[in-house]
Amino acid sequence: MRKPLLTLTAAAATVVALAAPAAAAPSGDTIVTFTVSTANLDIAVPPAVNLGAAFAGSSITGELGNVTVTDSRSALNATWTATVSSSAFTTGSGTPEETILPNLVEYWSGGAISTTGTGTFVPGQPTQADAVVLNVPRVAFSKTSGSGNNSATWAPDIRITIPGGAVGGTYTGVITHSVA
């Protein structure tokens with residue numbers, strides 16, 4: 001009897017060995033994707049400002065209000081340049097005596113009020129001593145390095161020289177900021 005029991009035990013061990021479960025995989029990969037959203041490069045400026053009053057032959061100075069560039073492009077090289085220009089200022093029918101040309105309009109950006117993001121933010125004209133004449137477009141502010149989303153806000157000033165021959169009236173002109 002011992003021989004059949006030993007044979008039966010050996011046969012059972014063989015069946016168990018043949019029916020053992022397969023080894024489990026040591027790891028598994030899941031590919032995950034997502035998108036970093038992008039938007040635009042925008043500039044926001046005050047809609048209007050009144051500088052007050054001054055006499056012919058003098059000048060008038062005032063702050064334009066906050067100008068903000070918002071860069072939501074999520075770019076690797078997130079640099080930009082904001083420029084500023086001026087139209088002529090006119091009153092009445094815009095005769096020469098009723099016109100103040102852009103070469104009599106000075107601008108300075110001042111420093112940044114606030115910035116966000118990485119990189120180097122550079123004011124075009126940090127102080128009043130650096131003021132530029134707006135007879136041609138000028139750099140108002142720029143971002144020269146960095147990546148990702150960012151923003152900068154500054155509060156520029158202008159000074160308008162009023163010619164001695166200017167006639168009385170309310171003069172209107174446009175200061176244009178743009179960014180690229």
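Which strand gives the most to the lining of the largest pocket?

1. Basis. This is a predicted model, in which local features need pLDDT of at least 70 and side-chain atom pairs count only at pLDDT 80 or more, while totals for chains, interfaces and linings use all residues. Residues are numbered from 1 along each chain as its sequence is written, and side-chain values use heavy atoms, with hydrogens and water left out.

2. Largest pocket. Strand 14 gives the most to the lining, with three residues; strands (E, at least two residues) are DSSP runs numbered from the N terminus. The pocket holds about 820 Å³ of space. A pocket is an open set of points on a 1 Å grid over the protein atoms alone, where a 1.4 Å probe fits, with protein on both sides within 12 Å along at least five of seven lines; lining residues have an atom within 4 Å of a point. The volume is the space filled by probe spheres set on the points, which are joined across faces, edges and corners.

3. Pocket lining. Of the 32 lining residues, Val49, Leu51, Phe89, Tyr171 and Thr172 are the closest to the pocket centre. Strand 13 (157-161) and strand 14 (175-179) are the elements that give two or more residues. By class, the lining has 23 nonpolar, nine polar and no charged residues (Ala, Val, Leu, Ile, Met, Phe, Trp, Tyr, Cys and Pro count as nonpolar, Asp, Glu, Lys and Arg as charged, and the others, Gly among them, as polar).

4. Aromatic pairs. There are two aromatic pairs, that is, rings of Phe, Tyr and Trp (its six-membered ring) with centres within 6.5 Å; planes under 30 degrees apart count as stacked, over 60 as edge-to-face and the rest as tilted. The rings of Trp80 and Phe121 have centres 6.4 Å apart and planes at 55°, so this pair is tilted. Trp80 lies in strand 4 (residues 80-86) and Phe121 in strand 9 (residues 121-123), 41 residues apart. Trp80 counts as buried at 2% relative accessibility (buried means under 20% relative accessible area, with a 1.4 Å probe and protein chains only). The rings of Phe141 and Trp154 have centres 4.6 Å apart and planes at 15°, so this pair is stacked.

5. Nonpolar core. Of the 24 residues in the largest nonpolar core, Val69, Trp80, Ala82, Tyr107, Phe141, Trp154 and Ile160 touch the most other members. Such a core is a set of buried Ala, Val, Leu, Ile, Met, Phe, Trp, Tyr and Cys residues joined through side-chain atoms within 4.5 Å. Strand 4 gives the most to this core, with three residues.

Technical notes
Helix = DSSP H or I, 4+ residues; strand = E, 2+ residues; numbered from the N terminus. Buried < 20%, exposed > 50% of the residue type's maximum accessible area, 1.4 Å probe, protein only.
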